[in-house]
Amino acid sequence: QVELVESGGDSVQAGGSLRLSCAASTYTYISRCWGWFRQAPGKEREGVATIDFGTTTTYADFAKGRFTISGDNNKNTMYLQMHSLTPEDTATYYCAIGGLGSSCTFLRWDVARYDYWGQGTQVTVSS
């Protein structure tokens, strides 16, 4: 069993930046797909970014050029650096990981394919 804990959510003004963190309870960073998702009220959970085996990254169109996903293998932690935030980015942000050996190419944005989820961290962007 792997526990994920997100942190870093906050309320910011439009144009601001935030860095979210996702810490895993056990060593798991390299061997599986990690992802960030978000869910706004009344909307379905959507993918934001993924990182595959600690190297290959993928971004949703809305995240390209503004968000950066990264990880620290030594700390077993994943990050999401967000810049130029807009009110449309307001949501609860979740981190998730796939099973051992999973590839983000296979998991993609399918939430059902991710095995473990954090509790979420709230990001609120005001205009």
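Which residue in β8 is the bridge partner of arginine 19? I looked this up and found glutamine 81.

**Basis.** I am working on a predicted model, in which local features need pLDDT of at least 70 and side-chain atom pairs count only at pLDDT 80 or more, while totals for chains, interfaces and linings use all residues. Residues are numbered from 1 along each chain as its sequence is written, and side-chain values use heavy atoms, with hydrogens and water left out.

**Sheet.** I took helices (H or I, at least four residues) and strands (E, at least two) as DSSP runs, numbered from the N terminus. Two strands count as paired if DSSP finds at least two bridges between them. I traced an open sheet of four strands, ordered β1-β3-β8-β7, with antiparallel pairing. Its edge strands are β1 (4-7) and β7 (67-72), each of which pairs on one side only.

I then went through the pairings of β8 (residues 77-82). Six bridges connect β8 with β3 in the antiparallel sense. β7 and β8 also run antiparallel and are joined by six bridges. Phenylalanine 67 stands opposite methionine 82 of β8. The hairpin of β7 and β8 has four residues between the strands, and asparagine 76 there takes a positive phi near 55°.

**Disulfides.** With a disulfide defined as a pair of cysteine sulfur atoms within 2.5 Å, I count two. One joins cysteine 22 to cysteine 95, with S to S at 2.1 Å. Its S-S torsion is about 60°, so the disulfide of cysteine 22 and cysteine 95 is right-handed. Cysteine 22 sits in β3 (residues 18-24) and cysteine 95 in β9 (residues 91-97), so this pair ties together parts 73 residues apart in sequence. Both cysteine 22 and cysteine 95 are buried, where buried means under 20% relative accessible area, exposed over 50% and partly exposed in between (1.4 Å probe, protein chains only).

The other disulfide is formed by cysteine 33 and cysteine 104, with sulfur atoms 2.0 Å apart. This link is right-handed, with 105° about the S-S bond. Cysteine 33 belongs to β4 (residues 33-39) and cysteine 104 to helix α1 (residues 104-107), so the pair ties together parts 71 residues apart in sequence. Cysteine 33 counts as buried at 0% relative accessibility, and cysteine 104 counts as buried at 6%. In sequence order of the bonded cysteines, I read the pairing as 1-3, 2-4.

**Cores.** I used nonpolar core for a set of buried Ala, Val, Leu, Ile, Met, Phe, Trp, Tyr and Cys residues joined through side-chain atoms within 4.5 Å. The largest has 28 residues, and Leu4, Trp36, Leu80, Met82 and Tyr93 have the most contacts inside it. At least two residues of this core come from each of β3, β4, β5 (46-52), β7, β8, β9 and β11 (121-126). A second, separate core has six residues, including Cys33, Ala96, Cys104 and Leu107.

I listed the contacts (heavy atoms within 4.5 Å) of methionine 82. Leaving aside residues up to four places away in sequence, methionine 82 touches Gly16, Ser17, Leu18, Leu20, Arg66, Phe67, Tyr93 and Val123.
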